[in-house]
Amino acid sequence: MEFDLLREYIVLSQTLNYTKAAESLHVTQPTLSKHIASLEKELGCALFERDRRRVELTDEGVVFAAAAIQIVDTFDEAHDRIQEMATSDPIRVNGVLNDNAVSAILSIAAMILDEEGHQPVAYGGSNVNDFVQQVLEGETDIAFAYADLDGLESLGLGYIPLTRSRFVAMVPLSSSLAARKNISIDDLRNFRFVKYADNYSICGWANIEQVCHDHGFNPRTRTVLGRNATNYTAISLGVDDVVILQSSMPQLRYLSDFSKVAILPITDDDAAFRLYAIYKQDNYERVRPALDAYAQARKTIISHGKNSPLVESA
């Protein structure tokens, strides 16, 4: 059934006059009559009662008129949204995206943005080390990154919080720390930090290093190339090695069951990965729909309590 035919029917159902309807639609009266007859044949019922003096809707015609208006209005709204999306530049987002908590935010935010009909969001790969610099240079509209908040405002940047996950330390069972129930950052002064060299981990490493500096020491490091995101015990840990991970990682609870490692919570309040959505302040109005969706998604996840990957973000 063509939408033009539905539009003709709607006009006729409103005017109840073939001559006026035909003039309004810029078609001939015989053409309009033919189209309506075709529509009635397809539906298998009469839509109008007509004689020489009047045209009236049948009961079936009333029902179909309401449905036709709804169908056409829905089609027109969807068409307008698609056209608007096609002509809008997408909001570009890059940064730490392959994280289980971030994935949850993105999934919910995508549904919110789609339902509200906002412009599309294009997510890039984590192919740079400095996501904040990408925002400053206009290559990215929003960066999901760890950052020194004190310096953002002076750069003309704004931010909203996304996730906060406490540090935990993974150490070999041969470590002097392995029998502890928990530790502090200060306990790690003389240990060697495993520093993964991929872009995702470098971004998080800046957070780890800053916490160490705040506690008065520069961490001694051992650089490891090619982090395997699905197996954090793929490398052999030396007796004084320590790996800092996020407490929100679901696989941590299982590692001690089959690996020769211990997972130790770090108790310092500042020992946490804090991820932010960072943007240019003068670009706020353009990216506001995405920021609002991320904030709403984060709030939704936190509201689900202890099983939430963002429970520590509250």
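Biologist: How far apart are the end C-alpha atoms of helix α5 (residues 100-116)?

Modeller: The model is predicted: local features need pLDDT of at least 70 and side-chain atom pairs 80 or more, while totals for chains, interfaces and linings use all residues. Numbering runs from 1 along each chain as its sequence is written, and side-chain values use heavy atoms, without hydrogens or water. Helices are DSSP runs of H or I, at least four residues, and strands are E runs of at least two, numbered from the N terminus. At 1.5 Å a residue, times one less than the number of residues, the 17 residues of α5 should span 24 Å, which agrees with the distance of 25 Å.

Biologist: Within what arc do the buried residues of α5 fall?

Modeller: Buried means under 20% relative accessible area, exposed over 50%, partly exposed in between (1.4 Å probe, protein chains only). Ala-101, Val-102, Ile-105, Leu-106, Ala-109, Ile-112 and Leu-113 are buried, whereas Met-111, Asp-114 and Glu-115 on the other side are exposed. Directions run from the helix axis to the C-beta atoms. The buried residues line one face of α5, because seen down the axis they fall within an arc of 130°.
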